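Dear colleague,

Please find below the sequence and the structure that I am handing over to you. My notes on what was found follow directly after.

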Amino acid sequence: MTEKFRKFNGQYWLVAIFIGVVLPWLLKLLGVSRFHQIVWLLFCFDFIVSMIIGWQIRRTARTGWLLWLLPIFCLLGLYLFFPQYVYYLALVDLGLSYLAYGMAAPREAQRD
């Protein structure tokens, strides 16, 4: 099971599902105000996690297709739990992930 989890990059799938869908659902369930959900979850936490994931994918020399996981699950969570005007933030997630991915050096280049 652990081999399959690593083979299919399970850690990235779990983070994307948790940050994109479970966390917005949990905040809505707890009754956190819409303002705090958007400011803290979407602008602060989500954008920081996007950059960390982009950096980590590049640093570990994983495939660039993993950059799409978090924005896709965030778009799903935004569609289910937020108003229509915040859908564009999934594109910002993708941009930040790609920016961090492009600015990081692969692991082989960091050894020199």
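A residue is called buried under 20% relative accessible area, exposed over 50% and partly exposed in between, with a 1.4 Å probe and protein chains only. By that rule Lys7, with a relative accessible area of 61%, is exposed.

Two remarks on the source are needed. The model is predicted, so that local features need pLDDT of at least 70 and side-chain atom pairs count only at pLDDT 80 or more, while totals for chains, interfaces and linings use all residues. Residues are numbered from 1 along each chain as its sequence is written, and side-chain values use heavy atoms, with hydrogens and water left out.

Overall fold

The chain has 6 helices and 0 strands; helices (H or I, at least four residues) and strands (E, at least two) are DSSP runs, numbered from the N terminus. The C-alpha trace spans about 50 × 35 × 20 Å along its principal axes. Of the 112 residues in the chain, 38% are buried. Contact is taken as heavy atoms within 4.5 Å. Among contacts between residues at least 6 apart in sequence, 76% join residues at least 24 apart.

The nonpolar core

In soluble globular proteins, nonpolar side chains tend to be buried together. A nonpolar core is defined here as a set of buried Ala, Val, Leu, Ile, Met, Phe, Trp, Tyr and Cys residues joined through side-chain atoms within 4.5 Å. The largest such core has 27 residues, of which Leu42, Ile57, Leu70, Leu78, Phe82 and Val86 touch the most other members. Helices α2, α3, α4 and α5 (89-103) each supply at least two residues of this core, and the largest share, 7 residues, comes from α3.

Not counting residues up to four places away in sequence, Phe82 touches Pro24, Arg34, Gln37, Ile38, Leu41, Leu42, Gly77 and Tyr87. Gln37 counts as buried because its relative accessibility is 4%. With neighbours within four places in sequence left aside, Gln37 is in contact with Leu27, Lys28, Val32, Leu42 and Phe82.

The cavity

The structure holds 1 cavity of 30 Å³ or more. On a 1 Å grid over the protein atoms alone, a cavity is a set of points where a 1.4 Å probe fits but cannot get out, and lining residues have an atom within 4 Å of a point. Grid points are joined across faces, edges and corners, and a volume is the space filled by probe spheres set on the points. The largest cavity has a volume of about 40 Å³.

Its lining consists of Ile19, Gly20, Pro24, Leu41, Leu42, Asp46, Cys74, Gly77 and Leu78. Helices α2 (10-30), α3 (34-59) and α4 (69-81) each supply at least two residues of that lining. By class, the lining divides into 6 nonpolar, 2 polar and 1 charged, where Ala, Val, Leu, Ile, Met, Phe, Trp, Tyr, Cys and Pro count as nonpolar, Asp, Glu, Lys and Arg as charged, and the others, Gly among them, as polar.

Cysteines

There are 0 disulfides in the structure, a disulfide being a pair of cysteine sulfur atoms within 2.5 Å. The sulfur of Cys44 is 14 Å from the closest cysteine sulfur, in Cys74, and is therefore too far for a bond. Cys44 is partly exposed at 30% relative accessibility, whereas Cys74 is buried, with a relative accessible area of 4%.

The loop between α3 and α4

Two residues of this loop deserve a note. Most residues other than glycine have a negative phi. Ala61, found in the loop between α3 and α4, has a positive phi of about 60° although it is not a glycine. Ala61 is partly exposed, with a relative accessible area of 48%.

Leu67 has its place in the loop between α3 and α4 and is buried, at a relative accessible area of 6%. Beyond its neighbours within four places in sequence, Leu67 is in contact with Gly54, Ile57, Leu94, Ser97, Tyr98 and Tyr101.

Distances across the chain

Leu99, in helix α5, is partly exposed with a relative accessible area of 46%. The C-alpha atoms of Leu99 and Gly54 are separated by 7.5 Å, at 45 residues apart along the chain. Leu67 and Val22, 45 residues apart in sequence, are 19 Å apart in space, C-alpha to C-alpha. Lys7, in helix α1 (residues 2-7), and Met51 are 44 residues apart in sequence and 22 Å apart in space, C-alpha to C-alpha.

With kind regards

How values were computed:
1 Å grid on protein atoms, 1.4 Å probe; cavity = no way out; pocket = protein on both sides within 12 Å on 5 of 7 lines; lining within 4 Å.
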